[in-house]
Amino acid sequence: MGSKALCVFFFLFFVAVSFRYASAQDEEDNGLVMNFYKDTCPQAEDIIKEQVRLLYKRHKNTAFSWLRNIFHDCAVQSCDASLLLDSTRRTLSEKETDRSFGLRNFRYIETIKEAVERECPGVVSCADILVLSARDGIVSLGGPYIPLKTGRRDGRKSRADILEEYLPDHNESMSVVLERFGAMGIDTSGVVALLGAHSVGRTHCVKLVHRLYPEVDPVLNPGHVEHMLYKCPDEIPDPKAVQYVRNDRGTPMILDNNYYRNILDNKGLLIVDHQLATDKRTKPYVKKMAKKQDYFFKEFSRAITILSENNPLTGTKGEIRKQCNVANKLH
């Protein structure tokens with residue numbers, strides 16, 4: 001065989017091997033699928049569900065945390081549990097940014113992770129635990145059961161430096177809020193439904209005193225202002241003090257459509273709540289969800305599903321953390 005023919009042979013051989021390798025990689029990465037752990041850790045989802053149930057029994061506010069986690073993690077570029085990473089000497093944790101104010105109960109994510117690790121060491125990602133705990137937390141709060149895919153892997157770095165580019169603030173214009181969610185594929189009705197998560201939990205006075213002092217925001221329902229002032233008596237509240245207002249005084253522990261009736265009655269605590277009820281793009285959906293809880297649950301389920309599938313790491317990307325608050329290289 002001549003040198004030219006030999007070169008052609010090796011070139012074709014290299015192309016064939018490369019193609020087979022790429023195909024094998026593609027086969028290995030099936031992306032997100034239902035019941036991803038059915039062969040490698042068949043009890044994983046049951047263990048997570050049971051841990052969420054036990055934690056909710058002891059600490060009711062854990063369910064609020066799981067619901068906030070999926071938003072704060074998955075909305076920031078990728079659903080990869082970067083939210084859970086602690087600060088290091090070089091990088092700030094997402095948990096410590098202003099946008100994450102009030103997030104808590106991260107130690108209980110470790111409780112869930114430890115329970116899963118006892119059954120299947122090194123198999124189930126923290127990203128999937130974060131998503132599935134949100135799914136089961138929603139059920140604890142009386143919300144719908146949402147079938148969610150699994151197969152996410154964990155990121156290795158915090159995204160604190162870019163967080164504000166992705167995560168809308170509660171004082172942003174509705175245009176910005178719709179644009180940020182729209183970039184993830186969540187449409188207007190989905191945004192309105194996601195903000196229905198404000199039906200549960202509480203808002204710290206730090207986040208709403210600007211609507212009370214030095215003057216009361218005139219759009220607020222006067223009857224509700226009295227309660228807000230009682231709960232937030234200080235113009236400059238201590239961020240570490242337990243000073244807050246329940247998002248929904250009527251059913252504060254239940255995820256329901258009462259939130260939409262409240263904001264139509266000008267009882268929304270945050271600027272974004274008021275905007276949702278008055279902006280011509282969102283108001284029709286607010287009114288429909290206020291009337292029909294089934295419609296709210298349907299749109300909420302759809303939006304949570306899209307959020308949970310936002311740009312995940314799958315296949316061989318990322319890692320499976322041994323501990324959710326630290327990347328493996330630092331473990």
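Tutor: The UniProt record, an unreviewed entry, places the feature "binding site" at Asp73, Val76, Asp80, Ser82 and Glu94; UniProt positions are given here in the numbering of this structure, feature names are shortened, and annotations may be inferred rather than shown by experiment. These residues are spread over 22 residues of sequence, yet they cluster in space, with a largest C-alpha distance of 12.5 Å. The model is predicted, so local features need pLDDT of at least 70 and side-chain atom pairs count only at pLDDT 80 or more, while totals for chains, interfaces and linings use all residues. Residues are numbered from 1 along each chain as its sequence is written, and side-chain values use heavy atoms, with hydrogens and water left out.

Serine 82 lies in the loop between α3 (62-74) and α4 (106-119); helices are DSSP runs of H or I with at least four residues, strands are runs of E with at least two, and both are numbered from the N terminus. Serine 82 counts as buried because its relative accessibility is 0%; buried means under 20% relative accessible area, exposed over 50%, and partly exposed in between, with a 1.4 Å probe and protein chains only. Leaving aside residues up to four places away in sequence, serine 82 touches Asp73, Glu94, Lys157, Arg159 and Arg321, where contact means heavy atoms within 4.5 Å.

Glutamate 94 is likewise placed in the loop between α3 and α4. With a relative accessibility of 0%, glutamate 94 counts as buried. Its contacts, again not counting residues up to four places away in sequence, are His72, Ser82, Leu83, Ser100, Ser158, Arg159, Ala160 and Leu163.

One of the helices, α11 (residues 271-278), holds aspartate 273. Aspartate 273 is buried, with a relative accessible area of 3%. Aspartate 273 and histidine 198 are 75 residues apart along the chain, and their C-alpha atoms are separated by 8.5 Å. Beyond residues up to four places away in sequence, aspartate 273 touches His198, Tyr259, Ile263 and Gly268.
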